[in-house]
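Please open the model in a viewer and keep the selection panel at hand.

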Amino acid sequence: MDLKRIIFLLITNIPMNLENMLSPWAKNVSPSPTLAVDAKAKELKAAGEDVCGFGAGEPDFDTPSFIKEAGAKALAEGMTKYAPAGGIPALRNALAQQYHDLGVLKEVNPAQIVVSPGGKYSCYLAILATCGPGDEVLIPAPYWVSYPEMVKLAGATPKFVFAGDDQGFKVSAQQIKEALSPQTKLVILNSPSNPTGCLYSQAEMEEIVALACSKDFLLMSDEIYEYLLYDGAEHYRPASFGDDARDRVITVSGFSKTFSMTGWRLGSLVANPTIAKAVASLQSQTTSNATTFAQYGALAAVENWEKAMEAVTEMLVHFDRRRLKLLEGLQGIDGVSCLRAQGAFYLFPNVSSFGLSSEEFSARLLEEEKVAAVSGHAFGADGYVRLSYATSDDIIEKGLTRIKSFCERL
Ligand SMILES: *Cc1c(COP(=O)(O)O)cnc(C)c1O
């Protein structure tokens, strides 16, 4: 072998530090713990275990058939090309009209709507478009697991304000006020909430919006569960509270939860023209448009709203029955307390009386009783676990029996 070859072999065989290949963003981001619990439960199921899964973060119904048909028709008709980055014009127009009717938009201006591949991406772009290094973002806890990670990916700093079950899992305007700093750029609201299912009242929301206006920060209102409401509860859209609010609030929603369309990947965002334009630009350089033919499915839902809402009402009948079954069951277990949440499809019982961390609690519950629930720790709230009732009545009944016997043993 010649010398050159030997040197080549020497320098190419120095073991590489693989960790050094990763960026600071990749090193700091944690994988979604809710998806992880679901994956673990599915794995156990596949191995033949009889698992009661309460981990799901998605409705267990199929997409209403007329929506599927519209998507399939668009696919058959060749809607298989790129679309404008912000969404197909017909869908942006229809959403602009709808948000105008809801008071979120002052004018029917489709340029203020951006359709994205999922509400999750809408949230990320809203944060990326408004926050950067040096900015602080206030996140009320318990929070949706992705918010802090998204804030960090934008180079900004997440700060948390906590509200336990004693305050209905809702932070007050006063708490936000005390947590503000000159660096506070954005406050994130999520009502109805994942993981708690709780909703802010009009008065509570108004106080927070007034604070945003007087203290000059932005709000991101994640309203993905806006139509999943029970007990006659009402959803309030902070962007509809006046002209200043319309400029300050970025409203995020989507089709996943309302119409059981999680796999379609379709989210929406409404913002003032400056932010909406920035969001569309960021999207055009990262993912381009949301899947073109999928948007025609969503369009069918928005254009046939009454029919779409009938399908939602039907799903809500089942969700509500399961909610009450799970709530009653949990409240009947010694040492467990649970608020009567009025939105989404989650309950967030307090299990702190057992003296375990919520991670130990959920890990042992899965190990010993084959019940999958997500630890409250993942949502910034130790002492609680999240149970999704987007599952069958049978699973709920069987799961409750197991949770009860688990708690009795502790
Ligand atoms: C599910 C969810 C979303 C977005 O879901 P997509 O499937 O990406 O549309 C956003 N926020 C919260 C709180 C959610 O639970």
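Begin by colouring two selections: the protein is divided into domain 1 (29-58 + 308-409) and domain 2 (81-303), with bounds that come from an automatic or database domain assignment. This is a predicted model, in which local features need pLDDT of at least 70 and side-chain atom pairs count only at pLDDT 80 or more, while totals for chains, interfaces and linings use all residues. Residues are numbered from 1 along each chain as its sequence is written, and side-chain values use heavy atoms, with hydrogens and water left out.

Taken over C-alpha atoms, the centres of domain 1 and domain 2 are 26 Å apart. Across the boundary, 35 residues of domain 1 are in contact with 33 residues of domain 2 (contact means heavy atoms within 4.5 Å).

**The largest pocket**

Next, select Leu-35, Gly-57, Lys-120, Trp-144 and Lys-257, which are the closest to the centre of the largest pocket among the 27 residues that line it. A pocket is an open set of points on a 1 Å grid over the protein atoms alone, where a 1.4 Å probe fits, with protein on both sides within 12 Å along at least five of seven lines; lining residues have an atom within 4 Å of a point. The space in this largest pocket is about 510 Å³, a volume being the space filled by probe spheres set on the points.

Now show α3 (33-46), α6 (119-130) and α7 (146-153), each of which supplies at least two residues of that lining; helices are DSSP runs (H or I, at least four residues) numbered from the N terminus. Domain 1 and domain 2 each provide at least three residues of the lining of the largest pocket.

**The second largest pocket**

Move to Val-29, Ser-30, Val-145, Ser-146 and Glu-149, which lie nearest the centre of the second largest pocket, lined by 17 residues. About 330 Å³ of space lies there. With five residues, α7 gives the most to this lining.

**A helix crossing**

Finally, select helix α4 (residues 65-76) and helix α12 (residues 292-303), whose axes come within 7 Å and cross at roughly 140°. Axes are lines fitted to C-alpha atoms over the stretch in contact, and angles run from 0 to 180 degrees between N-to-C directions. Show side chains to see Phe-66, Ile-67, Ala-70, Gly-71, Ala-74 and Leu-75 of α4 meeting Phe-293, Tyr-296, Gly-297, Ala-300 and Ala-301 of α12.
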